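Visitor: I would like a quick tour of this model. Let us take it question by question.

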Amino acid sequence: MKESHYDVVIIGAGMSGLAAGIRLAHFGKKVCIFERHNAPGGLNSFYSIAGRKYDVGLHAMTNYVAPGVKGTPLGKLLRQLRIDRDEFALRPQKQSKISFGPNGETTLRFTNDFAVLDQEVVEKFPAQADGWRALVQLVRIYDDVSLDAKAMSAREIVARHISDPLLTDMIFCPVMYYGSAQEHDMEFGQFVIMFKALFLEGFARPLDGVRVIIRVLLEKYRQAGGERRMKCGVARIVEAQGRASRLILDDGSEVTAEHVISSVGFPETMKLCAPAHETEAAANTGALSFVETISAFKEQPASWGWGDDTIIFFNDSERFHYERARRQVDLRSGVICLPNNFDFGGEQLPEGLLRVTCLANYDLWAHLPESDYQADKNRWFDAAVTSARRFLPRVNDEVLAKSELARDMFTPRTIKKFTGHLNGAIYGAPIKIRDGRTHLSNLYLCGTDQGFLGIVGAMLSGISMANYHVLQASTRG
């Protein structure tokens, strides 16, 4: 017979939920993670088609630092979850770049050595050098993990240091694409988190992709004694006397817990609660979603001259517009990822991979008849790849077509189906709840809508909320 009462119930087996579970189980808490789907990982999972595995979400794991570097988010994460660094098998990027103009006329290269980007900015925007370095110093000293920091506009603060609109847009493009749930602007603390994660630290990935990270987390959770119920979601949170008193599961059964940690998002969590909170949920529901194409080739990208850049953030317009797409897909900007272009130390992926990500409109994808949906996927797949190839060395169309082994594309509809995020909003609610508190005294948020960003940030969010609301609270109590 399955247990019906726990010290802590965690809703969702994404990165933050798994990390919270590991941390709590290490301290003897009786924990169960409930996940509606059959695959863990949430926004950073994987799927298989015809035996070929595709990562979802993971272009790279941010916050990478070389072994021995102290005082970083990656080090804290490994220490708190008792993970040996080698278990993640991370391999650093070669180099990446920000490429602006109709065909990438202005570029800024960056690597896991910040000095490369610093030199690029100073050389290409010499009049902005002093302001740029003052901004970098502010980012270095800013307390981005404070749970009670006052919200400030990143655009306003950056404008105090950088006056060139092109440089401003080139700085914002990567940090927004990799973590902003807000149109046009970011909260400054969120900007700092992403700036550090991308530029001051860097990119890496395991050879086998996100599956390696998920396997490590699942094994740590199992070893610590945590329980996990897959294909068993939470359908409703029953409230009584200001607390989450019971959880009704998808199969109609009930469980109770002293504490509930939800990783599924703020509006999604509010919709599980009493109907009175529907308005609150609607007021803080994200609108930014994406499509992503995935192409597999017989050849390695290096054979076409595509072997240098790991990730390319591109924009073809005079200004960078980070906003909900007005058509099904916005081709003006995006992200190109070439997973082969990490330093795998002599190993290599068996196939060449190309991924292209662009902003998309959930409403224009959500309710299409299946035949129209598939037709539009094919049409926009070709359009997105064609748009992105402007920022890569030229390759003959026939050469690529002959080399292509497989293709797929996920859409805002896919994101909604497999994550439950309303509007397919991949980064969740625009207003984050930094302390994780809700209207119920024993219900807390972790993950996307708590506000720590990226894969490492998501895991740190789970750890922080477990520490703050459960482990430290029990000590205080």
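**Cysteines and a sheet**

Visitor: How far is the sulfur of Cys273 from the closest cysteine sulfur?
Guide: This is a predicted model. The closest cysteine sulfur belongs to Cys446.

Visitor: Which strands stand at the edges of the open sheet?
Guide: Seven strands form this sheet, in the order 7-6-14-15-16-13-17, with mixed pairing. Each edge strand has a single partner, so one side of each is left without a neighbour in the sheet. The edges are strand 7 (106–110) and strand 17.

Visitor: Is Asp408 buried or exposed?
Guide: Asp408 sits in strand 17, residues 404–410. Its contacts beyond four places in sequence include Tyr47, Glu292 and Lys377. Its relative accessibility is 16%, and the cut-off is under 20%, so Asp408 counts as buried.

Visitor: Which residue in strand 16 stands opposite Ile336?
Guide: Strand 15 (residues 329–337) and strand 16 (residues 352–360) run antiparallel. Five bridges join them. Opposite Ile336 stands Val356.

Visitor: What angle does the direction of helix 15 make with that of strand 13?
Guide: Helix 15 (residues 412–419) packs on the sheet. It touches strand 13, strand 16 and strand 17. The angle with strand 13 is about 100°.

Key: Residues are numbered from 1 along each chain as its sequence is written. This is a predicted model: local features need pLDDT of at least 70, side-chain atom pairs count only at pLDDT 80 or more; totals for chains, interfaces and linings use all residues. Side-chain values use heavy atoms; hydrogens and water are left out. Helices (H or I, at least four residues) and strands (E, at least two) are DSSP runs, numbered from the N terminus. Buried means under 20% relative accessible area, exposed over 50%, partly exposed in between (1.4 Å probe, protein chains only). Contact means heavy atoms within 4.5 Å. A disulfide is a pair of cysteine sulfur atoms within 2.5 Å. Two strands pair if DSSP finds at least two bridges between them. Axes are lines fitted to C-alpha atoms, for helices over the stretch in contact, and angles run from 0 to 180 degrees between N-to-C directions.
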